[in-house]
Amino acid sequence: MEHFNIIQALCRSALSVPNSAVVQQVARLKDALKKGGDNKEAKSLESLLASSQIALEMTPGKIKQSFAIGRGDELTSTTPIPVDKETSTPLAEIYFGEDLPSEIPIFEDNIKEAIYSIINEWTKFDKLLEIEAYPASSCLIYGLPGTGKTHLAKWIAKQIGLPVALARLEGLMSSFLGTTAKNIGNLFAFANRYNCVLLLDEFDAIAKLRNDPQEVGEVKRVVNTLLQCLDSRKEKGFTIGVTNHEALLDPAIWRRFDIQIEIPKPSQMVSISLLKKFLQPLEFADNEVKLFAWCLEDSTGADVEMLAKWIKRAYVVDKEMNVSHVIRQFALLNSGRVNEKKRDMILNSDEEFINALIEDDKYSFKQVDIAPLFRMTTSSLSKLKSKMK
Ligand SMILES: Nc1ncnc2c1ncn2[C@@H]1O[C@H](COP(=O)(O)OP(=O)(O)O)[C@@H](O)[C@H]1O
Ligand SMILES: [Mg+2]
């Protein structure tokens, strides 16, 4: 069906903010497509609707009500934030709903569904308590830097419908003996007093301390404080920990979290969706987006975002930009973002670069896809290909 990819993108972005009127209209479209025999298109809308139905059931208001029963004081923009006694820096930054992302990061469907199901559980908070099952109230998100963990943590917090107290562990660490433990204690006392989600970002900072032999006593004290604090928070409110280096975390700390979510690097499909999102409002042809995704194999979401910005800048300078040329410049000047094998292929001669694309099984580029990327006609590409053999 012509232009269905645009219709699908429209539906996806409309459904990203749960809204029953939108769900109803997309369902109408799905039924009409099915009736008209466009089964593939109808199926793809059906799967979009399935995730949005879960999202709809967990509107923030419902969760907040469940979570806030008989809890503490309200956190407002005028509430004083505890500070480090030595440097007077605040121990946390406070984010209210309007400062938090309303779109879940782009992940594989199975990860998204798992996340939705945890959040959905909180809408049934009262029912769980009736059968003496306490819902999970802490989660640890781990994975490589730039995979969208902090974004996800903030989005989860937004779903809960409470403000977020975000603390970077690094910021709580002090060079004064005993002050780090005191800061952690003060931060938790604050989070336990007010209705909020406590977000402990870059949780692995403590592990760095552990590598310093001079700090053994201090580390023990800090880890113990953290363990006690995490225990004290169990029935007080929701806690999210985020770490890039889960292997460095103390196993006892690890066990304190009810749920652990690993965020992988984006797959080919996810990279393509990320590219389309970050390239907006520009629209590129499918073969161009596929080439961008091919270049970013093994890269993180943050790398995809950087490439998209790069392409946008090139586009502003020259609307008729030569796509393969832009990719070469990116690979040349972003050695840390493009994997080494791909970088070699990209920076090779046109012939070698084209050959690498043709031979890639995962992306299955056709000659008609590749030729325009190199400003060639399909017949000159065929000639080049037979010359290479
Ligand atoms: N899967 C994703 N979906 C949407 N945006 C992403 C994704 N992965 C990374 N990003 C973007 O990349 C940047 C870095 O993400 P962030 O959440 O800070 O990563 P992390 O905390 O894992 O280091 C942000 O602008 C974020 O929106
Ligand atoms: Mg982060």
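## A buried pair

D369 counts as buried, at 17% relative accessibility (buried is under 20% relative accessible area, exposed over 50%, partly exposed in between; 1.4 Å probe, protein chains only). K290 is also buried, with a relative accessible area of 19%. K290 and D369 form a salt bridge, with their closest N and O atoms 3.9 Å apart (a side-chain nitrogen of Lys or Arg within 4 Å of a carboxyl oxygen of Asp or Glu). This pair links distant parts of the chain, 79 residues apart: K290 is in helix α14 (residues 286-295), D369 in helix α19 (residues 367-373).

## Model and overall build

This is a predicted model, where local features need pLDDT of at least 70, side-chain atom pairs count only at pLDDT 80 or more, and totals for chains, interfaces and linings use all residues. Residues are numbered from 1 along each chain as its sequence is written, and side-chain values use heavy atoms, without hydrogens or water.

The protein chain has 20 helices and six strands (DSSP runs: H or I of at least four residues, E of at least two, numbered from the N terminus). Of its 389 residues, 45% count as buried. Its C-alpha atoms fill a box of roughly 70 × 60 × 35 Å along the principal axes.

## Other salt bridges

The whole structure holds 12 salt bridges. K342 pairs with E297 at 2.6 Å between the closest N and O atoms. K342 lies in helix α17 (residues 340-347), E297 in the loop between α14 and α15 (301-317). K342 is buried at 6% relative accessibility; E297 is partly exposed at 23%. A network of salt bridges links E297, K342 and K362.

K234 and D258 meet in another salt bridge, at 3.2 Å from N to O. Both are partly exposed: K234 at 34%, D258 at 38%.

Key
Chains are lettered from A and ligands numbered from 1 in the order in which they are written.
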